[in-house]
Amino acid sequence: MKYRLKISFSTKDNSEYLHLYPLHIDDKNKRIGISQCIYKKQPIGTFLIDFLNTDFNDKKIAKEYFDTFACYFTKYNYRMSYNNFISKYKTILEDTINQFKVIQNDIKNLINLEYIETIYPLLSKKELEEKKNELSQSTKKNHYLHSFYYLGSSYSNIHLDFRINKSINPYTHDFSYSYTTNKFIDLLLISIFELRRNYKHFRMQICLNCGKYFFPRTAHKTLYCDNVFENGKTCKECASINAYEKTVKNDPLLKKYRNKYKNLNKALSNSNNAKFWDLYQTMQDDGPYYIQKYKHGIITPEEFEKWIDSMKIRK
């Protein structure tokens, strides 16, 4: 059986479906086998982003990624003996990981506008810089990504497959055809095209917090991704907290407000006095309002400090 790389897309909920045939290697009993097709549903663009963020220098991570697609690269078939397969597997694993590194680096260079000279060979050095600045600041970067084929895809390897096995496919009604190819880079190309088709302002960028690639789901400018970073909080949430902490550290009035809030919270936990609860509720409800008024200059520092000082139990 000849396995081809396959991916499908649904416009109903902007999902993508990887068609995977997991390869099982049983070293103890010296057996190899392959499962029925598994349809992996995930948000569109996940396959592309995961590839860009995979550390192929980490042998364990690289092997896990390779094993997801092992039946394609090893050209596995049922007639292969265990020993024959293993002798080829290690060599193919190493060669494929090296190919992944090259492809990953090429795509990152493309995203970061490093192939500008190849795509616009007639422009002068000054014009190339101007073009690079223009593309990095506008949605014309979408058109730049159209030059993805410079990375080596011939397009002729990509086919449409309308055959869908309804007996094992739980997503029969989500998509009507699949893209198939025998070149891994084509899956990445298809993913970029589908992203551009589904998102008008599609762009990829690096999160300033975790350093990983992501693509914003809206046209609004954002510097941080929505992936969970630490303590159950996303990079965007962590950045917001860090920015607030930095602001508090540099602003004595905000620091005074935070200390007052913390002390009040501590007092509330050690007392049943209803007045503490009323004061805590007032500070919790009105605090953000006064902070914003202070930050935007609607009230003076003196007025903000006077309000903070008023947050105490009256005798």
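This is a predicted model: local features need pLDDT of at least 70, side-chain atom pairs count only at pLDDT 80 or more; totals for chains, interfaces and linings use all residues.

Biologist: What makes α10 and α11 roughly antiparallel to each other?

Modeller: Helix α10 (residues 252-269) and helix α11 (residues 274-295) pack at about 165°. The cut-off is over 145. Therefore α10 and α11 are roughly antiparallel. Their axes lie 10 Å apart, and the crossing is left-handed.

Biologist: Which residues of α10 and α11 make the contact?

Modeller: From α10 they include Leu253, Tyr257, Tyr261 and Leu264. From α11 they include Phe276, Trp277, Tyr280 and Ile291. By class, this contact has 15 nonpolar, three polar and two charged residues.

Biologist: What meets what between α1 and α8?

Modeller: Phe47, Leu48 and Phe51 in α1 meet Phe184, Leu187, Leu188, Ser191, Ile192 and Leu195 in α8. That contact has eight nonpolar, one polar and no charged residues.

Biologist: And how do you know that α1 is roughly perpendicular to α4?

Modeller: The angle between α1 and helix α4 (residues 82-111) is about 110°. The range for roughly perpendicular is 65 to 115. That makes α1 roughly perpendicular to α4. Their axes are 9 Å apart. In this contact, Phe51, Leu52 and Asn53 of α1 meet residues of α4, among them Phe100, Ile103 and Lys108. By class, there are six nonpolar, two polar and one charged residues.

Biologist: Phe47 interests me. What makes its pair with Phe69 edge-to-face?

Modeller: Two tests apply: ring centres must lie within 6.5 Å to pair, and planes over 60 degrees apart count as edge-to-face. The centres of Phe47 and Phe69 are 6.2 Å apart, and their planes stand at 65°, so the pair is edge-to-face. Phe47 sits in helix α1, while Phe69 is in the loop between α2 (59-68) and α3 (70-73), 22 residues apart. A search of the whole structure finds 31 aromatic pairs.

Biologist: On to the strands. How do you know that β1 and β2 are paired?

Modeller: Pairing takes at least two bridges. Strand β1 (residues 5-10) and strand β2 (residues 15-20) have four, in the antiparallel sense. For example, Phe9 has Glu16 in β2 as its bridge partner.

Biologist: What is the strand order in the open sheet of five strands?

Modeller: The order is β5-β2-β1-β7-β6, with antiparallel pairing.

Biologist: Why do β5 and β6 stand at the edges?

Modeller: β5 (38-43) and β6 (159-161) each have a single partner strand, so one side of each has no neighbour in the sheet. The twist averages 30° from one strand to the next. Helix α8 (residues 184-198) packs on the sheet and touches β1 and β7 (178-181).

Biologist: Last one. How many bridges join β3 to β4?

Modeller: Four bridges join strand β3 (residues 23-26) to strand β4 (residues 31-34), and the two run antiparallel. Ile25 has Ile32 as its bridge partner. In their hairpin, with four residues between the strands, Lys30 takes a positive phi near 55°.

Terms used: Residues are numbered from 1 along each chain as its sequence is written. Side-chain values use heavy atoms; hydrogens and water are left out. Axes are lines fitted to C-alpha atoms, for helices over the stretch in contact, and angles run from 0 to 180 degrees between N-to-C directions. Angles under 35 degrees count as roughly parallel, over 145 as roughly antiparallel, 65 to 115 as roughly perpendicular and the rest as oblique. A crossing is left-handed if the near helix is turned anticlockwise from the far one by less than a right angle, and right-handed if clockwise. Contact means heavy atoms within 4.5 Å. Ala, Val, Leu, Ile, Met, Phe, Trp, Tyr, Cys and Pro count as nonpolar, Asp, Glu, Lys and Arg as charged, and the others, Gly among them, as polar. Rings of Phe, Tyr and Trp (its six-membered ring) pair if their centres lie within 6.5 Å; planes under 30 degrees apart count as stacked, over 60 as edge-to-face and the rest as tilted.
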